[in-house]
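Please look over the sequence and the model first, then read the notes below.

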Amino acid sequence: QGNQTDTRNIGIGNGVATATLTLATIHSDAALMALAPEWNALCATLPLQHPFAEPDWHLHWWRHLRARRLLIHDRLHAFALRDARGKLVAVAPMMISVRPGLGAFGVKVLQFFGADPNITEVRGLICHPDDSDAALAALQTYLLAHRHLWDWIEWQGLSPEQARQLSSPGIDQPKARVMCYRPLPADWDTLKGGLSRNMKEAIRKCFNSLRRDGLQHRFDVVERPVDVAAALADFYRLHALRACSAEGVPHADAFRDRKSRAFLSAHAMMLAREDRLRVFQLRIGGELAATRIGFVHGDQLYLYYSGYDPRWSAYSIMTTLVIEIMRWAIAQGCSVVNLSTGRDLSKLRWQPQEEVLHNAIQISPRTGSTLLFRTYTQLRGLPLMRRLSRKK
């Protein structure tokens, strides 16, 4: 590990970061694992809890999904930031992706863990919002002093002002990402009573349509480790069926390849042993019709990917499943259900609150870096490059 202390005032965000932070670089799996206890304690202080901030998610991701191909190779280059008392205040789980993976001759992109198409829904600096400006200021001090290490940085999870300051001018910047979450009242009737008239009618129709056709549904919650493997197998099957369906909003099969399934299975089994995994299932006439994965974080529930059998789509089974999950979460004393990222109708009908996560591309101040970025971006769009980059 390398250490550097930042004691300067650097303007990041709405004010000026004046805190003195010690920055340590992390280049080995063992050093990253050693940080886990403090990292978990840091995650517990975050206002919104989600799996993508936790060390185990990143450790499993690095083990299963980091790139080790000819066209791209990931090198661990994470950061731990501590205050004057030595307390961990921020973690930046980052890596240098060399494209192509040919040592010093490749393009070097510094980015956060989770560079996958769909699996990691939230990426970025892990710290309490009150400390993010100071942490980003310390990172900027290090990164500008070590500009030879990177050609550009892909930042995620920023405030609007942070994104404005870190975005290089003249570069097309990535769109922001929205996380939707619903604070829960003490009972279901209160939650339902505050919904729109259209949503109340949709809830009524969900159950009436099943009864009208003489069908009964059953809601199950899988949580015992011994039952998780079978529940995940059902999830992968129904998730793929949903992706293949021509009905409704198109959905990608996020777990089509073997490595993605191995990653989620390993992480889910670990959470199940810690009593922090729930696999929600909806059965109609004894047949599994829909399922969704949930991650438990204290009194908050994060709803991850789902799957369903399109044969039952006429009964709005995904809406029915979420209704049952909301009822279950209230009964369990949950304070928040996080509906995950994206502003699609299935989330907005629950009238959620939103956290907007902004992104930025920062080009290295070295000569030629802007031209290098533009050239690489154009080449990456070629059909042949897209096909080769997808090969595992």
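**Briefing on the predicted model**

The second largest pocket holds about 990 Å³ of space. Closest to the centre of this pocket, among its 33 lining residues, are Arg242, His251, Ser306, Asp344 and Ser346. The model is a predicted one.

**Lining of the second largest pocket**

- The lining residues comprise 13 nonpolar, 12 polar and 8 charged residues.
- Three helices, H8 (225-244), H10 (317-331) and H11 (345-348), each contribute at least two residues to the lining.
- Strands S16 (300-308) and S17 (336-341) likewise each supply at least two lining residues.

**The chain as a whole**

- The chain contains 13 helices and 18 strands.
- Of its 392 residues, 51% are buried.
- When contacts between residues at least 6 apart in sequence are considered, 71% join residues at least 24 apart.

**Pairing around strand S18**

- Strand S18 (residues 353-363) pairs with strand S11 (residues 152-158) in the antiparallel sense, over 5 bridges.
- Within this pairing, Ile153 stands opposite Gln362 in S18.
- Strand S12 (residues 177-183) also pairs with S18 in the antiparallel sense, over 5 bridges.
- Here Arg177 stands opposite Leu357 in S18.
- In a regular strand, side chains alternate between the two faces of the sheet.

Technical notes:
Residues are numbered from 1 along each chain as its sequence is written. This is a predicted model: local features need pLDDT of at least 70, side-chain atom pairs count only at pLDDT 80 or more; totals for chains, interfaces and linings use all residues. Side-chain values use heavy atoms; hydrogens and water are left out. Helices (H or I, at least four residues) and strands (E, at least two) are DSSP runs, numbered from the N terminus. Buried means under 20% relative accessible area, exposed over 50%, partly exposed in between (1.4 Å probe, protein chains only). Contact means heavy atoms within 4.5 Å. On a 1 Å grid over the protein atoms alone, a cavity is a set of points where a 1.4 Å probe fits but cannot get out, and a pocket is an open set with protein on both sides within 12 Å along at least five of seven lines; lining residues have an atom within 4 Å of a point. Grid points are joined across faces, edges and corners, and a volume is the space filled by probe spheres set on the points. Ala, Val, Leu, Ile, Met, Phe, Trp, Tyr, Cys and Pro count as nonpolar, Asp, Glu, Lys and Arg as charged, and the others, Gly among them, as polar. Two strands pair if DSSP finds at least two bridges between them.
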